[in-house]
Amino acid sequence: MIEIRHLKKSFGDTAVLKDVNAVIRKGEVVSIIGPSGTGKSTLLRCLNLLERPDEGEILVNGVSLLAPGADVAAVRRKMGMVFQHFNLFPHLTVLENITEAPRRLLKISEPEARKKAMELLKAVGLENKALALPAELSGGQQQRVAIARAMAMEPETILFDEPTSALDPTMVDEVLSVISGLAKTGMTMVIVTHEMRFARNVSSRIFFMEEGRIYEEGTPQEIFDFPKRPKTVAFIKRVDMEYFALAREDFDEIHIRARARALADRHHLSKEQREKFRSVFVSTLRDVVFPVTEKIDLYMGVSQTDEMIGFAALWDGDVADPFARVPETAEYIRANCRSASFSQTEDGRLEIKVLFDR
């Protein structure tokens, strides 16, 4: 239904979207998650050209929005948008807010528009607020009106840009409940959200964004239970993680031990745990990894959710288990940690991952 190809967007010298590629199918509910400042809202706003991309292509039902002569207004009429801050017309009643666009853009008669609006207000639990002004409503009620207003245009897709971020915590659930009900109707939805439990429960797929790209995507179970890439793991499992690139020629055992100890001390590991972690960490790098590669990307972190500490080394090279070269060292490492594994990532890199119980 929506295809995104090599999308790029910068504001001044700051690149916000860096080669985004994705497909969103009809009837899917896609949640976009990730740290603040990684381009989630910008990507959403590009989908209906509230922000115009610098490069790339957006296809909606096979029609390129960026092609010369494209009827962008027609596409927008089929793509509803719910913003963070409601954007209701303050001088219009709730009913008028919902009927204004259908009457003007879809040329629906006023009686028909009012009838449809009352049906939508009933669906969001606000039929008794039809004649109220937005200022007379709570934030949660205003957002539910905004959802009803988007639905009044009979869209094929609705985009939600952090629909609960401006709400008092006591009002979040009422809005999420309405969106969850909408998801069950088969409506195609794209949702930028920081509500992880909601994203897990309502979505058919998750996009995790990092540094202007879709860093990892998958089903809710894949992303929340079995994330594959280090930064996804850090975000989902709330990992205190350090990253640094390391070259064999710069390998300094004292420095590496010091970084491992600093992480262990920060999380109050016992003396025995610290010693095991530091010893296995150094042995893995010195005796297993660096004999087979000259450069690695190294991740080291502690998970707050599953009580684990560990590290991962990634590099480019041939597929050959480096543990097999040094069986005695491998035996020592595995005897002193919870697990030590070697695998190839989806993007073809080689990875050793070592985990310890805290």
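How many residues lie between strand 4 and strand 5 in the hairpin that they form, and which residue in the turn has a positive phi? In this predicted model, two residues separate the two strands of the hairpin, and Asn61 in the turn has a positive phi of about 50°.

One of the residues concerned is Ile4, whose bridge partner in strand 4 is Ile58. In general, the side chains of a regular strand alternate between the two faces of the sheet.

Attention may now turn to helix 6. Helix 6 consists of 15 residues, 169-183, and reaches 22 Å from its first C-alpha to its last, close to the 21 Å expected at 1.5 Å a residue. Its buried residues are Val172, Val175, Leu176, Val178, Ile179, Leu182 and Ala183. Because these residues cover an arc of only 155° around the axis, they lie on the same side of helix 6. Thr170 and Asp173, by contrast, are exposed on the other side of the helix.

The buried residues of helix 6 pack against two helices, helix 5 (139-152) and helix 7 (196-202). They also pack against strand 3 (29-33), strand 7 (157-161) and strand 8 (188-192).

Definitions and conventions: Residues are numbered from 1 along each chain as its sequence is written. This is a predicted model: local features need pLDDT of at least 70, side-chain atom pairs count only at pLDDT 80 or more; totals for chains, interfaces and linings use all residues. Side-chain values use heavy atoms; hydrogens and water are left out. Two strands pair if DSSP finds at least two bridges between them. Helices (H or I, at least four residues) and strands (E, at least two) are DSSP runs, numbered from the N terminus. The expected span of a helix is 1.5 Å times one less than its number of residues. Buried means under 20% relative accessible area, exposed over 50%, partly exposed in between (1.4 Å probe, protein chains only). The arc is that of the directions from the helix axis to the C-beta atoms. Contact means heavy atoms within 4.5 Å.
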